[in-house]
Amino acid sequence: MTPLRLHDSLRRQKVPFEPLEPGKVGMYVCGPTPYAPAHIGHAYSAISFDTIRRSLRFLGYVVRYVRNITDVEDKIIRRANELGEDPMALAARFADAYNSDMAQFGVMPPDVEPKVSTHIAEIIDLTAKLVANGSAYAVDGDVYFQVDTFPPYGKLSGMSVDDLRAGASERELVEKAKKSPVDFALWKAAKPGEPAWDSPWGKGRPGWHIECSAMTVAHLGQSFDIHGGGKDLIFPHHENEIAQSQGAYGTETFARYWMHNGFLNFDGEKMSKSLGNVFGCDQIADAVGGEALRFFCVKHHYRSPIEFEVDEIRALDGTPTGVRFRSLEAADRDLEYFYVTLSKIDAFTAQGGDGGDGAVLPEAEKLVRATHEALADDFNSPKVMAAMHEAAQLGNKLIAEGKGIDKAVRRRTLARVARDLRAVGEALGVLANAPATYLRDRRDRLVRRKAIDVTKIDRLIADRAAARAAKDFTRGDEIRNELAAIGIELLDTPQGTDWRVHDDAS
RNA sequence: GGAGCCAUCGCCAAGUGGUAAGGCAGUGGUCUGCAAAACCACCAUCCCCGGUUCAAAUCCGGGUGGCUCCUCCA
């Protein structure tokens, strides 16, 4: 097992990773509050932690991965009331949609997917524990965590309780019932039109943060290895989780390492509905395919803010007619390179065998080793990409020319390159498709986007084949140019002429 | 107002003390009837100023520019 170092948000530096149990990792990631279709930001977060999970497996750890669904929450209730739908049903509907969206991006289902609605008893127990030991107090059916009973409060986010108190007072959002404006709700008294459960404090429902504290204990224990989530969750969500869990079980408990992923930026700005730059998962998958987004994500380091380029497409009169995801199209082209490479290697080894067992060219040994090193250094997936490019180049080179290389060694090396590319791809969640499937889907997508007439292409290719057979290269080139004008590139191979859609780079 | 992050080639993006990964685009070449694909070669001294050090993109101080959090937000 490769020794791992990872960046801990609490200590604000890379630290050696020492799991509670050698070889095993217990990991909790904050999942969605499903009240609307998932957007690209949700996907980025899910992909980031899925990549970390896959990387841990690649490095030899056995991972228990818990990702919750917060299905009882203000936004869900509000939306459900607007639609006249049962809140839990609405949450279940969007949770299902979320999971199928994420599957498109290669996100594996979590080992455990706990929901608030099925952990009410645990939440009440935890809340009662906090009340009993003086960390929390009940007022008129609400229960609040008393922040000043927990001195380490603010350590994760770097917030000072005094500043927070001042800020909260300024905003005049102080609910009179709270002893201090920084205290936060663990349990909320029932209001009309809201789901409610019986509790020692009357009918009510959980506050926002308490569910994660209750569910981590239930599924990973009072102390566990890694807690992850989006950067935005550091305050107040994760800060409050720490206060609740350690307030209940002691300061040496809860997450041993905190990991947070960076945000996606659009032209330097964060995504927000008011800027009109929130893109749905379905829109992305439809435009470039799910794997392109996945590839785009792992090309970047999970902690860095990512620049996501979107071009507006306008009609001649200036009316916006749609968008192009420039970064994703670039990622898709990159992916195409790997799939074309795999396809060539597969065809080569299928034809004359894989060379059997034995030595390979030393360059082919590098990929897996480099991947271990890169992933063990705080999951540096961009570094892995660099190694993958080197390996693919080696593969293409060996296919293009084999002179001076032992025939069996060449075949074995090629087989090894393809195998390792796929193994490394698995660690990043890419290259799992059959090359032919990916390449066909990609071409179909581009054909659709550009409204290309495929029968016309087939006809012209047949015409050109006839012309070339008759050595009429002038006519042949005319046809090539004609197709090029509508964005089709011809690929003459020994097996005949194939074609691809020219994907204008920018 | 308080807290924090970032600034690396035309674009994207690694690198956190030892002399700038990788990709896209570009240029030249190989291959090709011509092309495409593929391969080969070329292509940056790291926002500015000062400091520490034998040595800094990397550390410290000061600027400038950008972003985030403190309120729902992946």
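Colleague: Which residues line the second largest cavity?
Modeller: Its lining consists of Ala 287, Val 288, Glu 329, Asp 332, Arg 442, Arg 445, Leu 446, Arg 449 and Asp 503. Helix 8 (281-288), helix 10 (326-352) and helix 14 (435-449) are the elements that give two or more residues to that lining. A cavity is a set of points on a 1 Å grid over the protein atoms alone where a 1.4 Å probe fits but cannot get out, and lining residues have an atom within 4 Å of a point. Helices (H or I, at least four residues) and strands (E, at least two) are DSSP runs, numbered from the N terminus.

Colleague: What sort of model is this?
Modeller: A predicted one: local features need pLDDT of at least 70 and side-chain atom pairs count only at pLDDT 80 or more, while totals for chains, interfaces and linings use all residues. Residues are numbered from 1 along each chain as its sequence is written, chains are lettered from A and ligands numbered from 1 in the order in which they are written, and side-chain values use heavy atoms, without hydrogens and water.

Colleague: Back to that cavity. How many charged residues in the lining?
Modeller: Six charged, with three nonpolar and no polar. Asp, Glu, Lys and Arg count as charged, Ala, Val, Leu, Ile, Met, Phe, Trp, Tyr, Cys and Pro as nonpolar, and the others, Gly among them, as polar. Helix 14 has the largest share of the lining, four residues.

Colleague: And the volume?
Modeller: About 50 Å³, taken as the space filled by probe spheres set on points joined across faces, edges and corners. The whole structure has three cavities of 30 Å³ or more, and the largest cavity is about 90 Å³.

Colleague: What does the lining of the largest cavity look like by class?
Modeller: Seven nonpolar, five polar and no charged residues. Among them are Tyr 44, Ile 47, Cys 297, His 300, His 301 and Phe 379. Helix 1 gives the most, with five residues.

Colleague: Is helix 1 buried or exposed for the most part?
Modeller: Of its 19 residues, 17 are buried, meaning under 20% relative accessible area with a 1.4 Å probe, protein chains only. Just after helix 1, Gly 60 has a positive phi of about 110°.

Colleague: How far apart are the end C-alpha atoms of helix 1?
Modeller: 26 Å, which agrees with the 27 Å that its 19 residues should span at 1.5 Å a residue; the expected span uses one less than the number of residues.

Colleague: Different topic. What is the strand order in the open sheet?
Modeller: 4-3-9-10, four strands with parallel pairing, where a pair needs at least two DSSP bridges. Strand 4 (62-67) and strand 10 (254-261) are the edges, each pairing on one side only. Strand 9 (residues 223-230) joins strand 10 over seven bridges, and Ile 226 has Tyr 257 of strand 10 as its bridge partner.

Conventions:
On a 1 Å grid over the protein atoms alone, a cavity is a set of points where a 1.4 Å probe fits but cannot get out, and a pocket is an open set with protein on both sides within 12 Å along at least five of seven lines; lining residues have an atom within 4 Å of a point. Buried means under 20% relative accessible area, exposed over 50%, partly exposed in between (1.4 Å probe, protein chains only).
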